[in-house]
Amino acid sequence: MAAHVRKPARNKLIAAGALCAATALGLTGLAAGGASAAAPSKIRADYNGDGYVDLAVGVPSATVNGKAKAGYVNVVWGGKSGLGQHGSTTVSQATAGVPGTAEAGDAFGFAVASDDMNGDGYSDLVVGAPEEDTDIGLSTGTVAVVWGSANGFKGGFTAANGGVGDARYGAMLATGDFDKDGDNDIALNTHFDETSQVAVRKGPFTTGSPAKLERVEGWHFAGPVALTAGDFDGDGGDDLAFSYKGMEVSGTQVMSRASGEWKSTWSTGDSTNSALAAGDFDGDGTTDLAVGNVQANPESEETACEDRLGGAILTVYGKQGGTLGGGGTSCTTQNSDRVGGASEAEDNFGSQLAVGDLDRNGTDELVVGADAETVGTVRNAGSYWTLASTGTAKPLAGPAFSQNSAGVAGTAEADDHLGAAVSAGDYNGDGRPDVAVGAPGEDALKGGVWYAASPQAGEPSPLVTAVTPGKLGLAGAREYGMVLGH
């Protein structure tokens, strides 16, 4: 297998049934057979409203109609038997109703988010194609919204379109109602010459609605590397967290628009290579922030995580009636007590994060990927963890899983890169979020997604099964599992 798997820049938010839909590229329809005609579930990442969370797999390296790396999004339908047993459907720019044209190198699906963008109760796909070329220039990038419905996807429209060459709109995405007007908004990256920004495309999202972007923050000779949304100040609205990095500057910041203007409510000089996540990790009812694979500010002598060998996770806790950070902080590495594995250089521990209350005890667990983890002597085989709080200001704890773990499908092989993407959602509808983990290097870079249903209390851990392009009958797949939507 080839050693290199390109890392996507993307937000890591709280992740998200039907019978088999068509899976061939160039669909003339996007139906999801068996979807209920009842009222939509309003569950995030349930695109056909049947009560099961679905998994959106971005495949930006996929070939579409002979166009290499045009990219597509494969949606694996959730259902009673979980992922891989209820079929899937594929959405690309060659799909009827989806804006744009499938062209070589567009990278459609480089970033994928999920939310109800038009208020109809069905979750919609928000898809970035940062390498899209236009008449304006190369790699201007676009962000498309593809509408969910009881019958599957029903077309969409372009929500944002890069105005200059190399703007790369859609490399990072996050969604939330940042101005608390009842309409979800899209946060994204922008770039121009020597400057980069985090910007928001405000809702409502309807065909013909204004596509003006609102600046949140910007930098010279630096730019954003991760985005996520959460109610970090407890006011009932979404705030935006982002990490940024340049040659001489880096950090992580939370900004709120509660006052009508964007204002910083928390910041640190530490940043991440690629992952942020929001969740209630200590069960106190406030939203906390996880910063994965912590990178210290090159201009500062201080860092919240002194031990960063192989990657560290900074957990910043909220406090009732207070602000983010009021509940303290903690750092977690593979050297922490009760964390599986051992820290080694360039493991990428925490480079991918997802959140879910897997055991339904009122406290969120953190799903962690380390795609460069060596398993035994097998380099870049990759691993993932499910970590839980052991108390505020204490490191998280939990076991490590690889393809050499008991009950996990497959065998750890060099450059599989298990953990290159992680997600969580109740894919089988039993009331407990499940875990999905990407391994884009599997099977000579065809890739796959590993699915683990969360067990009921007192039951043994279930088998971890693989969802692969071959099993789904997909054409043109490459590095499947590199991007998992939320």
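The model shown here is a predicted one, and its secondary structure comes to two helices and 30 strands. Along its principal axes the C-alpha trace spans about 55 × 50 × 45 Å.

In soluble globular proteins, nonpolar side chains tend to be buried together. In this model the largest nonpolar core has 41 residues, and Leu 55 and Leu 125 are the ones with the most contacts inside it. Among the elements that give two or more residues to this core are strand E1 (55–59), strand E2 (72–76) and strand E5 (124–129), as well as strand E28 (449–452). If we leave aside the neighbours of Leu 125 within four places in sequence, its contacts include Tyr 47, Ala 56, Val 73, Val 145 and Phe 153.

Next comes a sheet. Four strands form an open sheet in the order E22-E23-E24-E25, and their pairing is antiparallel. Strand E22 (352–356) and strand E25 (400–401) stand at the edges and each have a single partner strand, so one side of each is left without a neighbour in the sheet. Strand E23 (residues 365–370) and strand E24 (residues 383–387) are joined by five bridges, and Val 368 stands opposite Trp 385 in E24.

Arg 257 is found in the loop between strand E14 (250–256) and strand E15 (263–268). Is this residue, Arg 257, buried or exposed? Its relative accessible area is 16%, and because buried means under 20%, Arg 257 is counted as buried. The side chain of Arg 257 makes a polar contact, at 2.8 Å, with the side chain of Glu 214, and the residues in contact with Arg 257 beyond its sequence neighbours within four places also include Phe 178, Asp 179 and Trp 262.

Finally, the structure holds one disulfide, which is formed by Cys 305 and Cys 331 with their sulfur atoms 1.9 Å apart. Cys 305 lies in the loop between strand E19 (294–295) and strand E20 (313–316), whereas Cys 331 lies in strand E21 (residues 329–332), so the pair ties together parts that are 26 residues apart in sequence. The torsion about the S-S bond is about -90°, and the disulfide is therefore left-handed. Cys 305 counts as buried at 1% relative accessibility, whereas Cys 331, with a relative accessible area of 21%, is partly exposed.

Conventions:
Residues numbered from 1 in each chain as written. Predicted model: local features only at pLDDT ≥ 70, side-chain atom pairs only at ≥ 80, totals over all residues. Heavy atoms only, no water. Core = buried A, V, L, I, M, F, W, Y, C linked by side-chain atoms within 4.5 Å. Buried < 20%, exposed > 50% of the residue type's maximum accessible area, 1.4 Å probe, protein only. Contact = heavy atoms within 4.5 Å. Pairing = 2+ DSSP bridges. Polar contact = N/O pair within 3.5 Å; in protein donor to acceptor, adjacent residues only side chain to side chain. Disulfide = S-S within 2.5 Å.
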